[in-house]
Amino acid sequence: MSTAGGATIPPEQLKSRYLGTGHADISKHDWITNQHRDTLASHVSHYDQLSYFAVAQNESIGRLRLEMLEKIHQPCGPPPPKKDEYS
């Protein structure tokens, strides 16, 4: 990625600017959760895409939007238990 002037932006600066890009120590669960949240947010915010899903699933647009917004909270289920470093 580059700036308007054509200078490239270092990856560290990009990662600090955009939350979903993660970092070197991000867990697999956190990374996939960010991906699912971004996808669900995109579906909810684009009306045409949301209406397409509603027709395909034979649901109302409002109900489908509500289901997607509720799913954003934990799209991949609860996080796995953390391993204790000292055991």
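Accessible areas come from the Shrake-Rupley method with a 1.4 Å probe; for residues, only the protein chains shown count as cover. On this basis the accessible surface of the protein comes to about 7100 Å², of which 56% belongs to carbon and sulfur atoms. The model is predicted: local features need pLDDT of at least 70, side-chain atom pairs count only at pLDDT 80 or more, and totals for chains, interfaces and linings use all residues. Residues are numbered from 1 along each chain as its sequence is written, and side-chain values use heavy atoms, with hydrogens and water left out.

The protein contains 4 helices and 0 strands (DSSP runs, numbered from the N terminus: H or I of at least four residues for helices, E of at least two for strands). The order along the sequence is α-α-α-α. Of the 87 residues, 17% are buried (under 20% relative accessible area; exposed means over 50%, partly exposed in between; 1.4 Å probe, protein chains only). Contacts are heavy atoms within 4.5 Å. Among contacts between residues at least 6 apart in sequence, 38% join residues at least 24 apart.

Helix α3 spans residues 47-57, and its residues Leu-50, Ser-51 and Ala-54 are buried. These residues lie on the same side of α3 because they cover an arc of only 100° around the axis (the arc of the directions from the helix axis to the C-beta atoms). An α-helix has 3.6 residues a turn, so residues three or four places apart point the same way. The buried residues of α3 pack against α2 (28-45) and α4 (61-71). On the other side of α3, Asp-48, Tyr-52, Val-55 and Ala-56 are exposed. Asn-58 follows α3, with a positive phi near 55°.
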